[in-house]
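Hi,

Here is the structure we talked about handing over. Please look through it first; my notes follow below.

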Amino acid sequence: MLARTAITRSINRALYRQPAAGKATLAIHTQLVATKATGSLRTKSAMWWQRQQQQHQQKPNFSTASSSLFSHTKSVQAKKYTMVELDDSKYHNLSSQAMDSLTEYFEDLGDQLEMDDYDIEYTSGVLTLRLGVHGTYVINKQPPNKQIWLSSPISGPERYDYDETNNAWFCRHKDESLGALLNQEISEALAIKAAVPIN
């Protein structure tokens with residue numbers, strides 16, 4: 001009788017510390033097991049608390065997930081390049097400089113590599129670079145859109161606008177420059193360290 005009274009007091013103290021919902025649940029549990037032996041009552045109480053702790057640990061942390069998603073969104077929104085509107089004269093000068101620089105670079109690269117199936121041709125604003133088994137690149141001016149277009153045997157077709165701040169032709173939806181893409185693909189295809197003279 002004394003042992004039961006002591007356990008009841010212990011449970012009452014636990015009830016005092018619990019929120020209303022917890023008090024109701026624990027009170028019902030106490031009534032169900034209070035008539036049983038002291039050892040059984042202690043065992044079931046311990047099991048009940050263990051289940052409550054496990055359920056709490058399994059609840060998803062929405063605040064952490066929201067914070068992670070917000071951080072990811074901010075990083076996605078950060079853009080390196082910004083398109084600038086060009087008049088016809090400025091577009092012609094900038095695009096011609098880029099095409100002439102690429103033509104000269106790839107001509108020199110062909111002399112260094114001495115590949116039998118390497119060939120480069122530049123006619124009427126269209127540069128064609130043949131790399132044998134590695135495929136053919138076509139880079140051309142596109143005056144109506146004031147862009148430079150690329151057809152790559154690796155990454156496919158893409159369009160590039162001009163960023164005046166970085167002096168670069170860049171892809172808007174990839175936020176990647178034409179120079180960076182060519183350097184990566186040419187380097188991997190020919191096992192060299194390419195360094196095209198445009199950004």
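In which strand is Gln142 found? Gln142 sits in strand β3, residues 136–142. (Helices are DSSP runs of H or I with at least four residues, strands are runs of E with at least two, and both are numbered from the N terminus.) Gln142 is buried, at 16% relative accessible area. (Buried means under 20%, exposed over 50%, and partly exposed in between, with a 1.4 Å probe and protein chains only.) Leaving out residues up to four places away in sequence, Gln142 touches Tyr91, Gln147 and Trp149. (A contact means heavy atoms within 4.5 Å.)

Some ground rules. This is a predicted model, where local features need pLDDT of at least 70 and side-chain atom pairs count only at pLDDT 80 or more, while totals for chains, interfaces and linings use all residues. Residues are numbered from 1 along each chain as its sequence is written, and side-chain values use heavy atoms, without hydrogens and water.

The overall picture: the protein has six helices and seven strands. Their order along the sequence is α-α-α-α-α-β-β-β-β-β-β-β-α. The protein has 199 residues, and 34% of them count as buried.

Next, the salt bridges. There are six in the structure. (Each is a side-chain nitrogen of Lys or Arg within 4 Å of a carboxyl oxygen of Asp or Glu.) Three of these pairs:

- Asp88 and Lys146 meet at 2.9 Å, N to O. Asp88 is in helix α5, and Lys146 is in the loop between β3 and β4, 58 residues apart.
- Lys90 and Glu164 meet at 2.5 Å, N to O. Lys90 lies in helix α5 and Glu164 in the loop between β5 and β6, so the pair ties together parts 74 residues apart in sequence.
- Arg172 pairs with Asp161, with the closest N and O atoms 2.8 Å apart. Arg172 lies in the loop between β6 and β7 and Asp161 in strand β5, so this bridge ties together parts eleven residues apart in sequence. Arg172 is partly exposed at 46%, whereas Asp161 is buried at 4%.

Glu164 also turns up elsewhere. Thr82, in the loop between α4 and α5, touches Tyr162, Asp163, Glu164 and Phe170, again not counting residues up to four places away in sequence. Thr82 is exposed, at 55%. Thr82 and Thr165 are 83 residues apart in sequence, yet 7.9 Å apart in space, C-alpha to C-alpha.

Best wishes
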